[in-house]
Amino acid sequence: MGTIATVSVPAVAAAALPAHRAEVACRFAEIEASLSAFRPESDLGRLNAAAGGEPLAVGSETLAVLAAALRAATASGGAFDPTVGPLMAAWGFRGTNQIDAPPMVAVLAEAHSRVGWTNVLVLGHTASLRRAGMRLDLGGIAKGYAVDEAWNRLRAAGVTDFTVNLGGNLRCGGQAAPDRTGWRVGVRNPFDTSQVLGVLILQDGEAVATSGNYERFVTLAGRRYAHIIDPRSGRPVEGLAGVTVLATTALDADALSTALFVLGPQAGRQLLRNYPGCEAVWIPDSQPARLLATPGFARRFVPQAGGEHRIEVLSE
Ligand code: AMP
Ligand code: MG
């Protein structure tokens, strides 16, 4: 999935780590085989190639992720859209499309016309993209799905205390240490990614995901554009450096971090009302760092001592 995965356990349980790692790596490889956009023979590769044509039979893994992506799209009013592929390509986020300036209006309009989650059909064990040239991009949700799957597998194997982290999508089990403190997860400073702004102390089963403008971006005509597209404008979202979400599953954390990056704090808070147990923080793209936190996030957050940043609690 083009990123790094880690499994952590308390030091006293370190002997079992190679076995856990193998278990998780195996599950991730299965998921990647179905969902990689880079493999023409994967379900996703076949669906994209068949866009505009007949429905294709796809595996249960693909169906599960597509269903979750469509739920996220519905819930977010389309801020989360798993069909942003053509816009990602238009903005140079695929190796095959090297550009050095933002796309022309006509190019953007053409790509935009091939985006729209309501044209994804899932029926029984088949799926299809209704318009030619559509392209699924599950980069905003597949890692969260994969982390939940790995989490379930470790739990089923009797592992109680662990974290699984796939490219900034983390879910924990149990405790970090025999003294029963929860796992501590840092929220990175987007302006200096070697530093944390503070930590969250997680409860059993909780997940955290971050969408950041520093993770993946293109530089066009001297300006940096983040890898999250606002499906309404067809343009990369500007003005935010990062969004971190605390949720009850890695899938929700992943989909929400992307959707809330698009929606911003105001509309984002409305979306969160439908997700009990989920909290978020938005960090605007201007220094010194300001954290716009939901009240629940602020309650759970332990700021780093001596930091320059301000925490502003959003009203309920
Ligand atoms: P994340 O880091 O989880 O926020 O995911 C970002 C990735 O999701 C991007 O690299 C794209 O592959 C994809 N993506 C970009 N914009 C959107 C969007 N509005 N809805 C869903 N996925 C998106
Ligand atoms: Mg995401």
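Mentor: Helix H7, residues 250-272, gives the most to the shell around ligand 1, contributing three residues. Keep in mind as we go that this is a predicted model. In total, 18 residues surround ligand 1, and by class they divide into eight nonpolar, five polar and five charged. The closest of them are Asp137, Ser211, Arg216, Ile229 and Thr258.

Arg216, already named among the closest residues, has a side-chain N or O atom 2.8 Å from an oxygen atom of ligand 1. The side chain of Asp254 likewise places an N or O atom 2.9 Å from an oxygen atom of the ligand. As for cover, ligand 1 has 510 Å² of accessible area on its own, and the protein covers 95% of it.

Helix H7 also turns up elsewhere: H7 and helix H8 (295-300) are the elements that give two or more residues to the lining of the second largest pocket. That pocket holds about 210 Å³ of space. H8 provides the largest share of its lining, three residues. Among the lining residues are Arg269, Leu272, Pro295, Gly296 and Arg299, and by class the whole lining has four nonpolar, three polar and five charged residues.

Methods: Residues numbered from 1 in each chain as written. Chains lettered and ligands numbered in written order. Predicted model: local features only at pLDDT ≥ 70, side-chain atom pairs only at ≥ 80, totals over all residues. Heavy atoms only, no water. Near = heavy atom within 4 Å. Polar contact = N/O pair within 3.5 Å; in protein donor to acceptor, adjacent residues only side chain to side chain. Areas by Shrake-Rupley, 256 points an atom, 1.4 Å probe, with all protein chains shown as cover. Helix = DSSP H or I, 4+ residues; strand = E, 2+ residues; numbered from the N terminus. Nonpolar A, V, L, I, M, F, W, Y, C, P; charged D, E, K, R; others polar. 1 Å grid on protein atoms, 1.4 Å probe; cavity = no way out; pocket = protein on both sides within 12 Å on 5 of 7 lines; lining within 4 Å. Points joined across faces, edges and corners; volume = space filled by probe spheres on them.
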